[in-house]
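Let's take a walk through this protein together, starting with the overall layout and ending at the ligand. Keep the viewer open as you read.

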Amino acid sequence: MVADRSLSFAHDAAGLDANALRDIALEAGADDVGLVSLDDPALDDQRGDILAAFPFARTLISFVLRMHRENIRNPARSVANLEFHHAADDCDEVARAIAHSLEARGVRAAYPSMGFPMEASRWPDKMWIISHKPVAVAAGLGRIGLHRNVIHPKFGNFILLGTVAVDLDLEARAAPLDVNLLISSRI
Ligand code: B12
């Protein structure tokens with residue numbers, strides 16, 4: 001017998017709206033979630049790459065995963081790296097769980113890696129399929145700081161980002177944060 005690894009939401013086939021997608025992502029382990037239409041102008045420079053990999057994509061689920069602050073802050077590289085590596089694996093697991101839940105409901109969904117592996121054969125061109133940072137900004141999950149990482153309004157810079165491409169059109173989508181707290185705080 002094949003084990004049922006779907007999430008609880010997966011059994012409720014009706015009413016898959018923006019709120020349901022957010023709940024699925026949170027139940028899968030995301031710490032914050034936003035939705036972006038593939039038509040969003042913020043994706044103009046990467047829409048082709050996304051559709052080449054995921055031709056069914058109409059909406060992107062962008063999510064944030066918190067990292068343990070004290071590990072990341074620690075000057076011992078091994079301590080910080082340990083957290084980076086575990087959180088990175090968790091990020092891929094969360095993306096996979098979201099895709100799994102949607103697939104169980106008959107919705108096409110797929111996720112690229114949070115970092116590696118990438119399409120190394122494309123080197124020296126862009127190797128990654130989705131640039132998670134601009135997606136997260138368009139989803140209202142934070143702003144890119146002077147150091148070019150996305151800073152979340154609550155979790156700060158101690159986050160990793162994931163994206164799931166979904167074959168659904170949704171009404172309620174987030175808007176980018178309009179207060180540039182990052183520039184004003186010189187981060
Ligand atoms: C390529 C990449 C790297 C490369 C960077 C190569 C480079 N040229 O700088 C390497 C492997 C070195 C790397 C390292 C790290 N990365 Co990285 N990386 C990515 C990746 C795959 C794509 C980057 C991207 O988004 N480019 C798109 C554009 C929009 O970004 P950008 O900010 O404009 O930067 C690009 C260019 O502008 C240009 N550029 C580089 N430097 C500068 C400087 C200036 C002034 C300008 C104008 C342009 C420019 O090169 C950049 C890369 O092409 C993403 C994962 C993904 N698939 O999205 C993760 C990602 C950006 N990385 C992330 C992280 C956390 C790291 C590390 C901290 C991990 C670690 N263990 O230490 C380090 C930090 C390195 C550092 N000191 O900055 C996170 C950032 C999370 C966040 N909060 O925003 C991401 C989103 C991964 C994730 N899923 O969470 N990374």
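What percentage of the contacts in the protein chain with a separation of 6 or more comes from residues 24 or more positions apart? The answer is 71%. Keep in mind that this is a predicted model.

The protein chain contains six helices and six strands. Of the 187 residues in the protein chain, 32% are buried.

Now for the interior. In soluble globular proteins, nonpolar side chains tend to be buried together. Here, the largest nonpolar core has 44 residues, and A25, I61, V94, I98 and V164 have the most contacts inside it. At least two residues of this core come from each of α1 (18–27), β1 (32–37), β2 (59–66), α4, α5, β5 (150–151) and β6. The largest share belongs to α4, which supplies seven residues.

The buried residues in α4 are C91, V94, A95, A97, I98, A99, S101 and L102. An α-helix has 3.6 residues a turn, so residues three or four places apart point the same way. Among the elements that cover the buried residues of α4 are α1, β2, β3 and β6. For a close-up, select V94: leaving aside residues up to four places away in sequence, V94 touches A28, G29, A30, F63, L65 and G162. After α4 comes G106, which has a positive phi, near 80 degrees.

Let's move on to a loop. I129 sits in the loop between β3 (109–110) and α5. Why does I129 count as buried? Because I129 has 20 C-beta neighbours inside 10 Å. Beyond residues up to four places away in sequence, I129 touches D49, I50, A53 and P112.

Finally, turn to the ligand. Which residues come nearest to the ligand? Of the 17 residues around it, they are M114, H132, N149, V150 and L160. Two or more residues of this shell come from each of α4 (77–104), α5 (132–138) and β6 (159–166). By type, the shell divides into ten nonpolar, five polar and two charged residues.

Conventions: Residues numbered from 1 in each chain as written. Predicted model: local features only at pLDDT ≥ 70, side-chain atom pairs only at ≥ 80, totals over all residues. Near = placed C-beta within 6 Å. Helix = DSSP H or I, 4+ residues; strand = E, 2+ residues; numbered from the N terminus. Nonpolar A, V, L, I, M, F, W, Y, C, P; charged D, E, K, R; others polar. Buried ≥ 20, exposed ≤ 12 C-beta atoms within 10 Å, placed from the backbone. Contact = placed C-beta atoms within 7 Å. Core = buried A, V, L, I, M, F, W, Y, C linked by C-beta atoms within 7 Å.
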